[in-house]
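Keep the sequence and the 3D view open as you go.

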Amino acid sequence: MNRFLVHRVLQAAVLVALMSFVCYGLIGLMPGDPIDLLLSADPRLTPEDVARLKAIHGLDRPLLERYLAWLGKAVVGEFGYSRLYAQPAAAVLGPRLANTALLMGISLAAAALIALPLAVAAAARAGTGFDRAVNALCFAGISVPTFWLALILIMVFAVQLGWLPAAGLPMARDPGLLERARHLVLPVLTLTVASVGGHVRYIRAAMIEALGQDYIRTAHAKGLHPRRVLWRHALRNALLPYVTILALDCGALVSGALVTETMFGYPGMGKLIFDAVMGNDFNLALLALLLVTALTVACNLLADVAYAALDPRIRQR
Amino acid sequence: MSPAPTMTAAIAARTRQPGFARRLWRRPGAMFSIVVLGILGTGALLAPLIGQALGHDPEMVDLLARLEGPSWVHPLGTDELGRDTLVRLLHGGRVSLLVGLVGAVAAATIGTVIGLMAGYLGGRVDALFMRICDGVIALPMLPLLIVLAAIDLEKLGIPAGIATSEDASVYRIVALVALAGWTGVARLVRAGVLSLRERDFVVAAVSIGCGPWRIMLRHLLPNTLSPILVATTLSVGSVILVESVLSFLGLGIQPPMASWGSMLTNAQELVTTAPMVAVYPGLLIFVTVVACNLLGDALQEAVDPQQAGARR
């Protein structure tokens with residue numbers, strides 16, 4: 001178990017380190033560069049000035065050297081300033097991460113709470129009309145483009161009916177809990193609808209597999225109540241792989257909320273990355289991208305470790 | 001996710017049974033999917049003819065006819081620049097369906113080659129490819145794709161004429177989805193190859209002196225085709241979704257060329273004035289992706305009735 005754990009942690013660390021270099025290189029390939037931006041702000045700069053400025057900021061040196069210089073600063077917590085927000089890039093991230101965590105936590109919990117009973121009920125009645133209906137709804141859920149779903153929800157609930165606000169966060173300075181909750185309804189609904197289908201399909205498949213096992217027949221044979229067999233004997237085994245999916249989804253949602261956050265103008269990590277990339281905010285884009293990468297990799301690691309911890313069979317690899 | 005190694009051989013054996021097509025056709029979703037995809041595909045293929053018949057160019061701006069409702073001249077009305085919605089939808093379908101199909105096939109091709117090599121060559125090659133595979137799966141794809149879609153191709157040394165041409169955005173997005181989407185097929189093929197490589201026909205091929213590439217391409221590949229087919233069909237839908245998101249965000253297909261995703265780029269400002277402009281393209285994406293997923297599922301069940309229930 002320990003060797004397995006050490007191995008996976010090392011692997012994740014290598015991946016994140018590698019990605020920091022890749023991201024650094026990619027950000028450097030985005031259109032425009034800081035000196036061009038200066039140049040457009042002050043047309044009196046001569047080519048000599050430009051060369052001098054590039055030398056001052058080290059932009060004339062090779063990529064690896066620049067990366068190492070950046071890394072040297074990054075390890076002591078200096079990530080540079082954000083161009084868009086005129087703050088240290090690291091300071092911009094904190095509240096955004098909290099916002100995303102809130103949106104994500106609620107959506108994930110809602111998806112799991114809806115998916116569990118629905119999937120168990122569908123698996124118990126596999127092949128019936130109910131099962132088919134659940135399956136069809138799941139298909140719709142996985143296939144709908146998130147941004148279009150958000151658009152339709154805004155159109156129906158915010159524009160036509162006027163029941164709910166179309167923005168993810170209230171404008172008022174101190175809106176109160178109820179007002180905040182009202183603004184969260186549509187983004188949460190979007191994310192939940194988009195993810196619940198996958199959850200149901202996953203649990204349902206795992207349940208059907210579990211229900212076909214010998215120990216289920218044994219449980220029935222010794223006269224246990226069918227409900228007990230379903231919810232205790234089958235579900236506990238079916239839930240094992242679902243833990244992995246939940247952890248993986250956590251990682252996916254950190255960035256997967258990007259579209260939803262952008263649609264509802266919700267200030268979270270996804271929208272931040274998008275805005276930073278579009279607004280040539282190199283320091284911020286790089287840091288946010290790395291943070292999201294590290295978080296996603298960590299969630300994946302967690303999924304692996306949790307699975308191994310819960311299922312002794314995996315540990316023996 | 002991947003089927004148990006012993007299953008893959010069984011899958012391959014079953015595909016060749018004569019009942020395959022009939023089994024597929026009997027699935028409730030399959031017929032629906034084939035009909036829907038057939039209609040959409042035909043519409044996309046005939047887009048230039050239909051445009052000519054109606055007398056509209058998909059990129060022709062007519063500011064005097066902005067956001068018109070449905071009429072005999074414009075069956076589905078016009079968009080915010082006075083372009084005919086129906087003709088633009090058909091042309092957008094050309095791009096979206098093409099990107100979906102080509103992207104999925106490109107991803108499957110990369111995945112197949114890597115899966116064959118990892119599974120058959122084994123050892124270091126296998127370890128390296130599978131670590132890369134694990135790594136790619138663990139990454140937050142959407143933000144990375146956004147950065148990749150935003151990078152300046154000229155900085156990579158690609159001539160300006162090519163980098164900024166209209167077609168470049170199509171090639172770029174196909175390359176991106178292929179780069180992100182090969183992992184699933186790679187794992188499937190590797191699992192299949194692992195179960196096949198010790199079988200007698202492979203041993204026989206080695207013994208008569210076949211080289212590794214001949215064995216991989218002539219002996220192993222044909223026997224792993226059916227899981228590849230299923231996975232590719234399923235991924236057409238997700239590729240179309242990725243393309244639509246990137247185009248919607250303004251990073252995929254560049255105007256004036258249309259794709260279903262890019263047609264929605266300005267829709268958010270129009271929800272109050274012209275909601276239908278936002279409904280059509282999204283509806284087509286939705287229906288296409290549903291059809292691809294249903295078809296993939298039906299293929300899966302037709303190919304391998306036992307395993308199908310346990311997948312996903």
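## Exercise 1: a buried arginine

Arg172(B) sits in helix α9 of chain B, residues 166–181; helices here are DSSP runs of H or I with at least four residues, numbered from the N terminus. A word on conventions first: this is a predicted model, in which local features need pLDDT of at least 70 and side-chain atom pairs count only at pLDDT 80 or more, while totals for chains, interfaces and linings use all residues. Residues are numbered from 1 along each chain as its sequence is written, chains are lettered from A and ligands numbered from 1 in the order in which they are written, and side-chain values use heavy atoms, without hydrogens and water.

Task: decide whether Arg172(B) is buried or exposed, and find what its side chain reaches.

Solution. 
- Step 1. Recall the classes: buried means under 20% relative accessible area, exposed over 50%, and partly exposed in between (1.4 Å probe, protein chains only).
- Step 2. The relative accessible area of Arg172(B) is 18%, so the residue is buried.
- Step 3. Follow the side chain of Arg172(B) to the backbone oxygen of Ala149(B), 2.6 Å away.

## Exercise 2: salt bridges

Task: state how many salt bridges there are over all chains, then work through three of them.

Solution. 
- Step 1. Apply the rule: a side-chain nitrogen of Lys or Arg lies within 4 Å of a carboxyl oxygen of Asp or Glu.
- Step 2. Take Asp297(B) and Arg201(A), whose closest N and O atoms are 3.4 Å apart in a salt bridge. Asp297(B) belongs to helix α15 (residues 275–303) of chain B and Arg201(A) to helix α8 (residues 177–211) of chain A, so this pair joins two chains. Asp297(B) is buried at 16%, and Arg201(A) is buried at 11%.
- Step 3. Move to Asp134(B) and Arg187(B), a salt bridge with its closest N and O atoms 2.5 Å apart. This pair links distant parts of the chain, 53 residues apart: Asp134(B) is in helix α6 (residues 123–137) of chain B and Arg187(B) in helix α10 (residues 183–196) of chain B. Asp134(B) is buried at 18%, whereas Arg187(B) is partly exposed at 35%. Together with Arg131(B), these two residues are linked in a network of salt bridges.
- Step 4. Finish with Arg197(B) and Glu198(B), whose side chains meet at 3.5 Å, N to O. Arg197(B) is partly exposed at 27%, while Glu198(B) is exposed at 59%.

## Exercise 3: a negative patch

Task: which residues gather in a patch of negative charge on the surface?

Solution. 
- Step 1. Asp57(B), Glu59(B), Glu166(B) and Asp167(B) form this patch. Patch residues have over 30% relative accessible area and no salt bridge, with like charges joined within 9 Å.

Note on methods. A polar contact is a pair of N or O atoms within 3.5 Å; within protein, one must be able to donate a hydrogen and the other to accept it, and residues adjacent in sequence count only if both atoms are side-chain atoms. Patches are made of residues with over 30% relative accessible area and no salt bridge: like charges are joined within 9 Å, nonpolar side chains (Val, Leu, Ile, Met, Phe, Trp, Tyr) within 5 Å. Accessible areas come from the Shrake-Rupley method with a 1.4 Å probe; for residues, only the protein chains shown count as cover. Lys and Arg count as positive and Asp and Glu as negative; His and the chain ends are not counted. The place of a charge is taken as NZ of Lys, CZ of Arg, CG of Asp or CD of Glu.
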